[in-house]
Amino acid sequence: MTVIRGRIGHLVGCVEIAAALLVGSAALAEPQLLLVNGKVFTADPALPYAQAVAVEGGRILAVGSNEQVRALSGPSTRVIDAGGRLVTPGLIEAHVHLGTELPTPPLAMPNLPFPGPTPEQTLAAVEQAAKTRRDWVTAYVGPLVARDRRNWRKALDAVAPETPVFLRGFWGHTSIVNSEGLRRLGIGEDIADPLGGWWGRDESGRLEGRAYEAAETITPRIRPATAEGLAASFGEAQKRYARWGVTSIHLMNNDKSLEVTLAALATAKPQQKWTVYSWGTWQTTAERIPDAWAAIDAAAKQAPAKVRIEGPKWMLDGTPIEQNSLQRVAYDGRPGWHGRSNFSDDQLREILQLALTRPTQLALHVVGDAETDRLLNMMEQLAPASAWRSKRVRIEHGDGIGRDAFERVAGLGLVIIQNPTHLALPPIAGKKMHEHDMVLKSLGNAGIPLALGSDGGPREQNPFLNLMLAVLVPNAPAEALTREQALTAYTAGGAYAEGEEKRKGRLAPGFAADMAVLSQDVLTVPTPQLPATTSLLTIVDGEVIFADATFTPEN
């Protein structure tokens, strides 16, 4: 990714560029809005910093100095004084899970998120709850439970023989249910493994309580998502996102169908721009990979305003937290266990072959370094790099991309959506999550496009917390981004990740007027203060969707 380095003083050297932009724009229309007297970070290499922005018809009309932009003002132009504050392109949340709450209020558990409750603490909490409840007992758990290899069905049956129990890892990828839960869900011993997932079984072949990957459909089986419930969740999320200056949201649409999500978004009346990436396995009712694309084609006709449909997204492996991502090195404490792929070679080949022929963008959850190797090998076998570059395949997380894979990843044109919280994962029992170092800055240095998302869920997560983690990278400080690199990844990088880099993500003439005036300068404030940042003014397509009392039109 291009590293933008600049300061307000650089504006002097860009006057000729800015003037040319203004001359071409001034004849178009009188601007509806001027934002002046700001420190404007444009994320545009042609003019990295400016002082003012003119908006007309939902798009940026001009960017330049106060004097240049004010010269465009007309009788009906609204002028807003930014008061010297930092103005940025609207932030783009490039990876979030919303509307995935547990089906009943979860039990309180100690030590979440890491390392979470011990197995004994978990069983004690379930036993206490089961004494008075016959409805579902649910709880989030952490790595200590996920990595415990006991037969959890038997263990839960012993403390809750008549109460259905559902445990889920706070990061997903781990689901556990007891016998009463299986009975109420209608899941028998003869259930087949679904496409992209499997059911855990003991040595005798009997279900042992665990559901893996695409088999983790327990939540929607207990309480199916409704458009009304999701609309409320989405509506609250977009309000909070507006207060952080987020103007685009990439929704990872798990645990619910695309149809119900689109109905919910229509009810919520999107303020931001949403791009929905639905799980391929959620759309394959006939257990056929092509069904995922067919379902997306049908549902896309129902997309409300400000909503785009991309995908499908396929989960190629799990994560190192529960030890199911496919790793080159065996997991500590589990000799010979490297994790596993969710799809066979033939299935992965079919996914990739279809992606080459389809217009929608392919998104792939890939975490393990060995799974990354498998993916890169198959992509190179199926098509030349130029074909893949035109498809701009998304790699969600990309934790398994090491330095030995940089050249191949860059050549294939893959775009990496990294989540800074992953870069700060604490060790478990003194052991790192990965045997290899996870990278961030090195991706950009290798020419690999980078976007940032929170991986938040079931609710949204503060983007400025993730910005802080991206400029710290506690577990590998050499991989820290500069403030400008991180902010660019959260704006222009997010737009590039969804193929919208010519329409949004920068403050430049012709781009969507998506921008935010921040409460503090995230490029200069002390690093620990970054999470306290909010937006005082958030604008989408030239329309204000959130305004702090600080802002009033200039007299």
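1. Helices α9 and α10. In this predicted model, helix α9 (residues 258–268) and helix α10 (residues 290–300) have axes that come within 10 Å and cross at roughly 25 degrees. Angles under 35 degrees count as roughly parallel, and α9 is therefore roughly parallel to α10. The crossing of the two helices is right-handed. On the α9 side the residues that meet α10 are Leu-258, Glu-259 and Leu-262; on the α10 side they are Ala-295, Ile-296 and Ala-299. By class, this contact of α9 with α10 has five nonpolar residues, no polar residue and one charged residue.

2. Helices α3 and α5. How far apart are the axes of α3 and α5, and at what angle do they pack? The axes of α3 (119–130) and helix α5 (residues 152–159) are 8 Å apart, and the angle is about 40 degrees. That angle makes α3 oblique to α5. The crossing in which α3 passes α5 is right-handed. From α3, the contact takes in Pro-119, Leu-123, Val-126, Glu-127 and Ala-130. From α5, Trp-152, Ala-155, Leu-156 and Val-159 take part. Eight of the residues in the contact of α3 with α5 are nonpolar, none is polar and one is charged.

3. Helices α11 and α12. Helix α11 (residues 345–357) packs with helix α12 (residues 369–382) at an angle of about 55 degrees, and their axes are 10 Å apart. The two helices are therefore oblique to each other. Here too the handedness can be stated: α11 passes α12 in a right-handed crossing. Asp-345, Leu-348, Arg-349, Leu-352, Gln-353 and Leu-356 make the contact from α11, while Arg-374, Leu-375, Met-378, Met-379 and Leu-382 make it from α12. The classes in this contact of α11 with α12 are seven nonpolar, one polar and three charged residues.

4. Cis peptide bonds. Most residues other than glycine have a negative phi, and most peptide bonds are trans. Leu-112 and Pro-113 are joined by a cis peptide bond, with omega about 5 degrees. The peptide bond from Phe-114 to Pro-115 is also cis, and its omega is near -5 degrees. Where does Pro-113 lie? Pro-113 is in the loop between β8 (91–96) and α3 (119–130), and Pro-115 is likewise placed in the loop between β8 and α3.

5. Backbone at Glu-213. Glu-213 is not a glycine, yet its phi is positive, at about 50 degrees. This residue belongs to strand β13 (residues 207–213).

6. The second largest pocket. The space in the second largest pocket is about 290 Å³. How many residues line this pocket? The lining has 15 residues, and those nearest the centre of the pocket are Gly-99, Glu-101, Arg-223, Ala-225 and Leu-230. Two helices, α7 (218–222) and α8 (227–242), each supply at least two residues of the lining. The largest share comes from α8, with three residues. Sorted by class, the lining of the second largest pocket has six nonpolar, six polar and three charged residues.

Terms used:
Residues numbered from 1 in each chain as written. Predicted model: local features only at pLDDT ≥ 70, side-chain atom pairs only at ≥ 80, totals over all residues. Heavy atoms only, no water. 1 Å grid on protein atoms, 1.4 Å probe; cavity = no way out; pocket = protein on both sides within 12 Å on 5 of 7 lines; lining within 4 Å. Points joined across faces, edges and corners; volume = space filled by probe spheres on them. Helix = DSSP H or I, 4+ residues; strand = E, 2+ residues; numbered from the N terminus. Nonpolar A, V, L, I, M, F, W, Y, C, P; charged D, E, K, R; others polar. Axes fitted to C-alpha atoms, helices over the stretch in contact; angles between N-to-C directions. Parallel < 35°, antiparallel > 145°, perpendicular 65-115°, else oblique. Left-handed = near helix turned anticlockwise from the far one by under 90°. Contact = heavy atoms within 4.5 Å.
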